[in-house]
Amino acid sequence: MKYIFLLLAGLLLQALPQTVHAQYNDPNGISVPKIIPPSPTSQEFQRFLGYSADGSTGTVNVSIPLYTISLPGINIPLSLKYNTSGIKVSQSIGTLGYGWSLFPGFRITRTIMGKSDNMYRTNNIQTQNQDADYLSQISTLSGGEIPTNGIDGQFDIFTVHLPNYNGSFIVQWNGSAFSAVSVPAAPIKITPVNSSDLSYGFTVTDDKGIVYDFGLVGGAVEYVNGPNTDITSWMLKSISLPGQNNAITFQYQTSVANGPAIAPNQYETIWDNFTTIGVDFRMTSDLYGIPGGADLGAQYGSENVSAGYDSNGTEMTLSTITFPGGSAKFTYSTVVNQGYLQNIKIYNSDQSIIIKNIDVSVNSTSTNLESVNISGQGTYKMQYRPHLPAYNIFDQDRWGYFNNKGNTTMIPAMTLPMMLTNPSTGNTTVYQDKYFSGANKDVDTTAMMGNSLQRITYPTGGWSNFYFEPHAFLHNNVANYGGGLRIRRIDTYDPVSAKTITKTYAYGTGESGMAVLNSYPEDDSFLDVRMLYASSSGHEAEGSVRRVTVNSQSRYRYFSMNTSIWYDVVTEYSDGGKTIYYYKYLPNDVYFISNLGHNLDFLQNLNSLVCPAPDLVKKEVYKNNGSGYTLLSEENYHFNSYDNNGPLSSYVQGLIVNPAANIVADSGQGLIADNKYWSSAYSIYNYWFQYATPTPVPFLVAPYKINTLANVLMDQNKVDYQNNGTITQTTVNDYGDIGAPYNMTRQTVTASNGDSYLTNFYYPTSSSIPNLTSAQQTMVNTLKTNNRLTTLVERTSFKNSTIPLSSMLYSYADWGNNILNPQTVYTSTAAAAFDPRLQFQGYDNKGNIQSVSKDGGSATCYIYGYGGNYPIAQISNADYNTVVTVLGGASAVQTFRDNVSPTDAAVNAFLAPLRSASSLAAAQVSTYTYVPLVGMKSATDAKGQTTYYEYDSFQRLMNIKDKDQNIVKHIDYHYQNQ
């Protein structure tokens, strides 16, 4: 995960109360936070000027915003996103059609690596001096069985999907309990609900103290079918904000959408006389189903060939989100195997008003999302390239994309080197290449673009056309195509300017078109190769054969969790100029182990958790001068992940153990095929193999490392070539907090004149914070305990490193109910002493500011209503306790606050004493009413003059009226074709 924190003015906002929409000015001109929302204004028409492309992967960021659930302290933006990299044959259709997903993900997902870490613990992994007993416990057997006393050497990869954060973690077993470790280090705290059983889920606490519950009890989970059946997704059950009754809850239902979510696997086995020891140890006849003699070299038959439609077990879809003040309801088709999303409705608290209605249309024949209609905005319409022919799971290229070859199996055709018994002599072995028929895995560059998005028409009448093409790359020094799609051109029509903007993309160094290829699904990646030894006595091996298993799925998919194909240089042409982007990337490292005549790939360094995508390291902007291009400016970015070319400096050690051989023997109590016979405690190993030269290798052992070093932006600069190539500004970031590498501790900005400006940042994770009293330090420790790890405590600024400019210090207090908010904000200019600039006299139990004052002046007080979600009164030059007394006391104030749907008359009646009480004669009182989730309905100023706001049936601002209900402004909305 990459953390680039530009800790300027935004840091102040981050540190202030999260339960109100507070805003501050520059620290040197600090002002009281604005609690009252601004007056409603007409919705600005959304002008779509085209989607941005991620040149490093050739993808386009296609998204349809639906609705944002906005609450004090958190925003949950609901949107539909489309994956433009191409549609794979075995890809799940889901509930939105091919390629589309609902965001945020609202779940913790898990990729099981090796075996389930919940069933088989990763404990005390040994990378040296392993004995056969240890390796046998870690490895799986030929049929996928797992020893009952087994352990696991590979860490499952967990990914948490929060509304505003995506990150990865692993789970470690310390001998008595599970603990979660973010990779890389992140300001979130992840705790298993049950320390000995991961199936119960997790709680996640973010850096604002918000708690996310991904629990089994009362929640929803998804399973994957297979020999290691276990939970692969824990759905988000609830979000708990600091304060009382500040919870958001989620409910789910089982999806009935069709389409496999896991690529089905088929396999066939082939046998030959390959031997690994220095004596003739061929099988001359069949034994226990292991072929020998004349049976060798044939496709001995299909073992457990699946029907081709493995399901994903349980798949959950979101049905309801309930939040303070409202809810979101999701409706799906009830037609079997067509459980597509049809509608989303956003309601107010009592469901008397539909705030937003969203109709979703998925074509059940093409299984494509065709349109999305959002009330008050209009309709998005999508068009696609011709969809796939009749669904044929077998027509997949080696990458998994459709190739339209008319295959009848998924097992690839290939030529394999075989060691076979000479049929004429019966006792000698001959070598030959033998072709085995199967599926054609070649790429079809036209077929693979089927079902890909071609056009989006926007509610405004504008549109974007997308032109894709296959990736191009060199493999064995030969140009190849496939592995997904990249964008070649985007045409975007803007109806406001009546212009079409065209952007085209050229890839590779010198616009060669060639990508950087990290991994390729070679023929050997489809194979599992091992020796089988047979014994009828249970203690002496009698012969061996090599077994080659040809799988329909490549191991490539297990090592391609990161970007397999990317571009180090991309040129974008647009509007009379061009921009060249340069990227760097740290892919997963894979190495090969030669085994029984084949090269098998294994993971060496898992880097994708810290570098999930290429980083932009340079950007050049050119203009067209008529005869060529003139360089205008250049930006350079430096990330720490590309500084070290040696061994990883921060990692977690894992171990992959694959069987290289099996023993099939009669134990006297029945046939056994078990790796336990490789243990030194068993007779076959001792009695026979101790005399073999060389001793057979029972396991392939591949240690690997999970990179945990956070990838952060270290420095950047901009060069202006219109000013003689002057470096206009250089920014250097330092992350000196070893325990919190995501926190920027220092930033130095150097201007073109040579002056530098240094800013130091201090957090609860900092080893020392200057200028704190003992009480403030105690509170900082409380912040740290509550995971407020990125909360800014102090900031100091200097010119040229030594000349003090300004400082800011936040003194926090515990206001109860996990509300840890500022009590006093201090500022200092130059080297002067700190002065209190803002003082917060109190917060209610939902975290709302009750009273705040500036520079020791008079206080501004706030009263809340509508469940505590909206301020209904602002009283300046008043004492909060006096205000509460006038309104009938604290209990009356809280009772009225908690009413989620008061009438306008009730609000005005409750607040009326504020304007008439003699104790508030010097106060300035403003009051407000609302249509919850829509906007302000009325605002009455300190003079008693009221402005009214009316909304249309789509909840858009329609009329603004004066105190006499006269319309002073009317707004009409006109959309294309409406």
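Which residues form a nonpolar patch on the surface? The legends below start with that patch.

**Figure 1. A nonpolar patch on the surface of the predicted model.** Tyr 757, Ile 803 and Leu 805 make up the patch, and their accessible area together is about 240 Å². Ile 803 belongs to strand E51, which covers residues 803–814. The relative accessibility of Ile 803 is 43%, so this residue counts as partly exposed.

**Figure 2. The whole chain.** The chain has 978 residues, and 54% of them count as buried. Its secondary structure consists of nine helices and 61 strands. Of the contacts with a separation of 6 or more, 60% are between residues 24 or more positions apart.

**Figure 3. A stacked pair of phenylalanine rings.** There are 24 aromatic pairs in the structure. In the pair shown here, the ring centres of Phe 896 and Phe 910 are 4.2 Å apart and the planes stand at 5 degrees, so the pair is stacked. Phe 896 sits in helix H7 (residues 890–897) and Phe 910 in helix H8 (residues 904–911), 14 residues apart. Both Phe 896 and Phe 910 are buried.

**Figure 4. An aromatic cluster and two charges over rings.** Phe 158, Phe 169, Phe 202 and Trp 234 are joined into a cluster by ring pairs. Elsewhere, Lys 81 places its charged end over the ring of Phe 103, at 4.8 Å from the ring centre. Lys 578 has its charged end over the ring of Tyr 622, 5.0 Å from the centre of that ring.

**Figure 5. A salt bridge between Asp 213 and Lys 237.** The structure contains 16 salt bridges. In this one, the closest N and O atoms of Asp 213 and Lys 237 are 3.3 Å apart. With a relative accessibility of 17%, Asp 213 counts as buried.

**Figure 6. A salt bridge between two strands.** Glu 469 and Arg 486 meet through their side chains, with an N to O distance of 2.8 Å. Glu 469 lies in strand E29 (residues 463–475) and Arg 486 in strand E30 (residues 478–494), 17 residues apart. Glu 469 and Arg 486 are both buried.

**Figure 7. A salt bridge between Lys 963 and Asp 964.** The side chains of Lys 963 and Asp 964 come together at 3.2 Å, N to O. Lys 963 has a relative accessible area of 44% and is partly exposed. Asp 964, at 46% relative accessibility, also counts as partly exposed.

Terms used. Residues numbered from 1 in each chain as written. Predicted model: local features only at pLDDT ≥ 70, side-chain atom pairs only at ≥ 80, totals over all residues. Heavy atoms only, no water. Helix = DSSP H or I, 4+ residues; strand = E, 2+ residues; numbered from the N terminus. Buried < 20%, exposed > 50% of the residue type's maximum accessible area, 1.4 Å probe, protein only. Contact = heavy atoms within 4.5 Å. Phe/Tyr/Trp six-rings, centres within 6.5 Å; stacked < 30°, edge-to-face > 60°. Lys NZ or Arg CZ within 6 Å of the ring centre and 35° of its normal. Patch = residues over 30% accessible without salt bridge, like charges linked within 9 Å, V, L, I, M, F, W, Y side chains within 5 Å. Areas by Shrake-Rupley, 256 points an atom, 1.4 Å probe, with all protein chains shown as cover. Salt bridge = Lys/Arg side-chain N within 4 Å of Asp/Glu carboxyl O.
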